[in-house]
Structures are given as C-alpha cells and as structure tokens.
Amino acid sequence: MSTVAADDHHDHVESPYSIKRWLFTTNHKDIGTLYLWFSLIMFFIGGFMALIIRTELFEPGMQFVDPQFFNSMTTMHAIIMVFGVVMPAFTGLANWLIPMMVGATDMALPRMNNWSFWILPFAFTMMLSTLFMDGGGPAGGWTLYPPLTLQTGDALPFVILSIHFMGLSSIMGAINVIATVLNMRAPGMTLMKMPLFVWTWLITAYLLIAVMPVLAGGVTMLLTDKFFGTSFFNAAGGGDPVLFQHIFWFFGHPEVYILILPSFGVISSIVPTFARKPLFGYASMVYATGSIAFLSFIVWAHHMFTVGMPLAGQLFFMFATMLIAVPTGVKVFNWIATMWRGAMTFETPMLFALGFIVMFSIGGFSGLMLALAPVDFQYHDTYFVVAHFHYVLVPGSIFAIVASVYYWLPKWCGNMYSEGLGKLHFWLSTIFVNITFFPMHFVGLAGMPRRIPDYALQFSDFNALATIGAFGFGFSQLIFLYVVIKAIRGGEKATSQVWENAEGLEWTLSSPPPYHSFTTPPVIK
Amino acid sequence: MRAYKWLLGICAIAGSANAEQPMNMPVGVTDISQGVFSMHMLALWLVTAIGVLVFVAMFYSIMVHRKSRGVTPATFHESTTVEAVWTIIPFVILVVLAVPATKTLIEMEDSSGYDLTVKITGYQWLWHYEYIDEGVDFYSVLSTPRSQINNLEQKTENYLLEVDKELVLPVGKKVRFLITSNDVIHAWWVPELAVKKDAVPGFINEAWTKINEPGIYRGQCAELCGRDHGFMPVVVRAVPQAEFDNWMAQQTVEETGAELAAVQQ
Ligand code: HEM
Ligand SMILES: [Cu+2]
Ligand SMILES: [Cu+2]
C-alpha cells in the first residue's frame, strides 16, 4: 500500500508560495499544515464571536446586540469551535504525526486526504455566509433542537448542508487514520507498541465513523421536516421533538470524547518526555481509552434528564455516566505517577500539559456532579454546565493542542520557538482562562440560565469578571500566533531529537523531516 | 459605572463574596430542594477533597522531582496493585454518591397524592397557568419595563425576574404541575423549589412541589426558546392556605365576571 502511495508523488517539493502546491497536495505534512492553519484562523473567528457574547454580558441590560443576533453568536461560536477548531486541529496533528510515529511514508489514502481538508473551507464559508441571509444565522443553539431550529430563516438548509460537509470531512479523515494505522505501521510495531497518540486517534476515528452518520441522519430529518412535509419531530403530525435530542446526543456524547481522546494521547507523549521517565501504565491507558469510548455510547441521555424520562431510564444514564469517572481518573493518576520521582523540567509544552491535567480534572469533577440526576435538575442549562464544558474544552482540548504545537513545532519547522514568550503565553492563558470560566460555576449555581443575552442584577459581578477574563484570554492568544510565525521564519536550529528525552520514531527524523517521512521502514526494537 | 465594575471584579478575585451576589445553589424551601442541596454539597466536598489530594501529590512531585534539584529519574512504569487500587477506590466513592442520589431521585419522581393541579404551558415568550380543577387560568408576562432593559432607566431590584401576574400556590400542599408548550421547547424552573422540567409541545410532563415556607420564589425559562428566551421569568408566590382560598375565590369571581360580560355583549 505504501509503495502505491509513494508512486503517486513527485519527489520535488514545490515552493510554499505556489497556490497549486497547497490546492493539489497529497502530502501528509502539507495537509497537516493546512488543517492546523485553518483551525487557528477559525479559532480567532470563533473567539471573536465569544468576545461579542461576553461584551454584551459585561453588564445587565441590552447594550450592543439584538437578542436574536446574540443567539446566533452562541450557536455559531459553538459550531465553529467544535467542528472548525478542535476537530480540524486534531486531524492536522494526526496528519503530521501519525505517519512519522508509525514509520510510514505518508497517510494511506493521500487523495482522499486532500479532499477531506479542502471540503472544510467551503463548509465554513457557507456556514458563515448565513449570517447575512434573511432571518440571520442559525440561532437555535449548536444542539439544533427542533422545533426552535425549524424557525430558522433562509439559513437552515445552508447550515445543514455545511454540517453534512463537516461530517463528510471528518469521516474521510477518520477512514484515513484507520487505514494508515492498521496497514502502514513499520514492521515490528505491534499495536501495543504504538505511541498513545496513535492509539487514542485510532479509537477516536472509530467513534467518528460511528456517530457522524447519526448526526447526518438527524439533521436530514430536520431538513425534511422543514421542506418536505415529514413530521419526525412534530407532535402534531405524530412525531416527537425529543426524538431529535436522543439522536443528537447519541452523536453528541461520543463527540465530546472525540474532542478529548486525542488530547489524552498528546499529554501521554509530553509528560514522559519532560519527566524523563517512561509513561506509567501504558496498557491501562489503552484500556481506559477503550472503556471511555465504549461508555460514551451509553450515556447520551445525561444531557436530557429534564425532558421527562422514566425513572429507570434516568437511573441507568446516571449510573453509566458516573462510571466514566473511573477510567478518566485512571488516566489522571497515571500521568501523576509518570511525573512521580522523575526529573522534570518545565518547558512550554510541559507547562501546558500540567495545566491540562489540573484544569481538565476540574472539568471532570463538575462532570461527575452533573452526572447526579437529581442535582442535574438544578445544574442543567445553567452557567454551571457552561463552566463544566469550557473547563474540559479550553484548558482541556485547546491546551492539549497548544501543547502539541509547542512540542512538535521545532520538529515541523526545524527551528526552536521562543521559550520566554511561550511561557508568557502559558501563564497569561492559565490566569485568564480561570478568571473567565471559574466564576461561571458561581452564577450557574446561583441560578443563571445559559444562552441568555441579559441577566438579573445578582449575577452582575461575576459576569463582569468573566468578561474581563475573556478579553485577557483572547488577546493572550495573539502571543501564540506571533511565536508560531516567528519560529517558522527562523530561530535557533532544532536537533533531530529536539527534547532531551523525547522518544518515538518522529524524533529519529531530521528537523524539519524529509517531505516523505520514512521511505525505508525504520527498525523497531 | 465601568470603573465600579472593574473594581468589583477585582474584589471578587480577592474572594470577598458580596452578600447580594450569591455564589452557591439556594437551599430552597421544599424537602426535595433541601435534599438536592445536601446532595450537591456532598458531591462538591467529595470532589474538592479528591482534588486536594490529587493536586497536592502532583504539586509535591513538581516541587521535588525536578531536574534542577539534580535528581536521577526512576524507571518504574507499572504496578498492578497501585493501578487496581486507584480503580477500585473511585468506584467505591461513586457508590457512596449513587445511593443518596438514587433515593432523592425516586422521591422527586413520585407525584402521587397531590392536592392541587396546575397546568403550565410555555409560549414564546410567556407562561400560561391553569388551575385545572378550579377552572382559573391566566398568562404571566415579564413586567420589567423596556426602558430598564434598554438602559434608559435605573434597573430595579427584581430586574428581569418580575411578572405581571404571579403563580400563587398554597404552602404545605402537594401541588402537581402538568407542563407542556404551545410552540417550541421551554423549561419551567424555580431554583428554590428544585423543579425544572421541559415544556415540550405535544407532550405533557409531570412535576410536583410542596412548599414549606410562604414567600416569593423567582426563576426563569431554562431551555433556549428563541429571541426572548432571557425574558420569560417564572414567579411563584407561596401563601398560607386561607390566603390562597381567598385569592382563588377572587379569581373565580373575576373570571365569571369577565365571562358574563363577554356573554352579555
Ligand atoms: C468525567 C467525565 C465527564 C462527565 C461525567 C460529564 C458529564 C456531563 C453531563 C452530565 C453533562 C450534561 C449537563 C447538563 O446539560 O445538564 C455534560 C455536558 C457537557 N459536557 Fe461533559 N462530562 C464529562 C467530560 C466531558 C468531556 C471530556 C468533554 C469534552 C471535552 C465534555 C463536554 C461537555 C459538553 C460540551 C457539554 C454540554 C453540551 C451542551 O449542552 O451544549 N464533558 N457533561
Ligand atoms: Cu455527555
Ligand atoms: Cu426559554
């Protein structure tokens, strides 16, 4: 398979300034780079929307935007961050790293790889263009619940089509990962010798293939309800609006693990390097990832405790959800055991990894609280939930992505980044992310619902604080942009190994690595 | 105004919780809400304790096991015993949480033996209440003036949490709610009663409460329902039975009066 792929390639590398190179590329590194830049651009667009939201929420009263526009900001912000930032960033990392980590030349299906990336800019342009349509952008929340979502104006079919495109792109990316990992490993690299990043991505890819079609089915049913007279979700026609929620969350809960499992792989690569000690409990990490993936299919209705489920259903989903805390705990304990009695240094990737461990755990703790059905009646649809998922997603997934960029950037571009600026970026991000999201626990508990453009006076102090934090966090990310560009353009040359104790095949290649990673398979000890 | 906000923000960082700015779940005024509150506090303290243990271990390691102190790294990388222990202990903790949670949930779901039924219907963007057996019904709409929302006028104490006509309920009686919607999904929520239930068009959900103390309890719609989702509060006024009976009698008179007037026209 690898020879077929290699034959298709030209050996020379076109100039980075040629549009054709990027448009027609089938090279895993080029495509990885495209994904990562796309993700960073979307991160700033989605972040800009978040700042519009936080600006309106700085004080009680309506100051800047119309409530309908506010709702479309929360909706678009979420869709962009989930489908346009975290997922493409991980696919970008997979593209860059998986062939190098398993000792392959490239991804198994290079042409499909090109497609799966180039669909995305079209999908998101279409999605963003709906903001200018009659009736405005989608404003029913990223969860797209009918009947509300069916009240969307001209935007609806475009939003649904763009979601189909995003799904298609993810599925193709996932198939590629599976094909690569299962077929292109260097001789001697058994499954249980694969780096954890590869393992977590393999499992993520299966989750993607399993649930993206479910989402596609759900949104298609929305489409036919709106335009073709079906009544899947319309009680007056014999349908059930809650059915959509079941479909959505059957996709949605595995989706949140799609957003976090590759991070687990990243953290499991970074911590051992900087602790100068092998990862503790490799096998249990693999099994924990597998159990989390399995459990993620049987907990979906914990997002729906208030829709009116039978007692037995609520109990089942409560117990199943609580169980997820066990393998998640195992992961955290293993990372700490890896650090234990190591010889740690604290370069930027390690700082972000440590920040991840602490703050992701905080999000896991609130997740455990949310799992308790009777108490979730109070938490549900409040800012407490907003705090929960932002802790797992921002200092969780996003920190893991940023950590990976700092960790592998010297490998990718051959230059070291500026350590001082990296550390500054870490500290500012950590301080501001907590100023932004920690107070949301308080207002949520005190009774502030989510997705509201204006609020009662007793919530004002913490909201003002969260807005200050959000601006601080947003502007700190400009440092990141600067550091990355600076490193790409030059700087101290990186060695092949880059980090003193880095282990894995990618560190045996030069920095930057050759255009086709391993033309002869490496030998695995 | 802005400067004052920033200052308050900084005070909040310093941890000086303002009395008027609550930061925890209300204990509430029903047996259920109190059960839920203690469940919440139990879970909160438990995760805090686990968090402290885990993070102390982690920070100890960060402080001590660092290269700059000249340590040589150990090489261990697995231990079945340790791994079994930290799988089993969390499991036991979960059981400790699951038992009271199950109990509270079972109580919440038991709406038998009610004294009064109120049908609640969500509309974009107001609530409709109907005392089914008494034949009394009315709409309940946000009463905060637009001028306050648009910052033309000073905001008053119950900004966005006040309505033209409150839902009046007797204390000490088990009230059953039948909740539905006329358009999109809403959720009827009063934190101090620990009642939150979705209002789904075409379906009827059941919830109940038994309020222990007279008072006014404010909540909001909790499910995104469109443009004015943030502007459809719920206000419950709980009064002693006698007062409730008076109020009800007056409503009945008013309603029949209105109906008579309508018939006579
Ligand atoms: C210990 C593990 C976790 C548990 C027990 C847990 C539990 C929950 C529960 C019960 C809810 C529903 C709350 C409600 O709406 O009332 C929820 C919401 C959510 N969780 Fe988690 N969670 C965990 C980890 C994660 C992770 C790792 C992610 C993603 C990286 C995540 C992302 C989300 C998101 C995005 C929502 C809100 C979705 C929405 O309503 O828009 N959670 N979680
Ligand atoms: Cu979930
Ligand atoms: Cu609402």
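In which helix of chain A is the place of A:His388? In this predicted model, A:His388 lies in helix α14 of chain A, which covers residues 383-413.

## The interface of chains A and B

Where chain B meets chain A, 96 residues of chain B are in contact with 99 residues of chain A. The two chains bury about 8500 Å² between them, and 70% of this area is on carbon and sulfur atoms.

Polar pairing is also present across this interface, with 27 residue pairs in polar contact, both residues of each pair being at pLDDT 80 or more. Two salt bridges are counted between chain B and chain A, one of which joins the side chains of A:Asp66 and B:Arg227 with an N to O distance of 2.5 Å.

## The side contributed by chain B

The elements of chain B that give two or more residues to the side touching chain A are the helices α1 (2-13), α2 (31-64) and α3 (80-108), together with the strands β7 (195-199) and β9 (215-221). Of these, α2(B) gives the most, with 16 residues. Sorted by class, the side of chain B that touches chain A has 53 nonpolar, 26 polar and 17 charged residues.

Key
Residues are numbered from 1 along each chain as its sequence is written. Chains are lettered from A and ligands numbered from 1 in the order in which they are written. Side-chain values use heavy atoms; hydrogens and water are left out. Helices (H or I, at least four residues) and strands (E, at least two) are DSSP runs, numbered from the N terminus. Contact means heavy atoms within 4.5 Å. Buried area is the accessible area (1.4 Å probe) that two parts lose on being put together, summed over both. A salt bridge is a side-chain nitrogen of Lys or Arg within 4 Å of a carboxyl oxygen of Asp or Glu. A polar contact is a pair of N or O atoms within 3.5 Å; within protein, one must be able to donate a hydrogen and the other to accept it, and residues adjacent in sequence count only if both atoms are side-chain atoms. Ala, Val, Leu, Ile, Met, Phe, Trp, Tyr, Cys and Pro count as nonpolar, Asp, Glu, Lys and Arg as charged, and the others, Gly among them, as polar.
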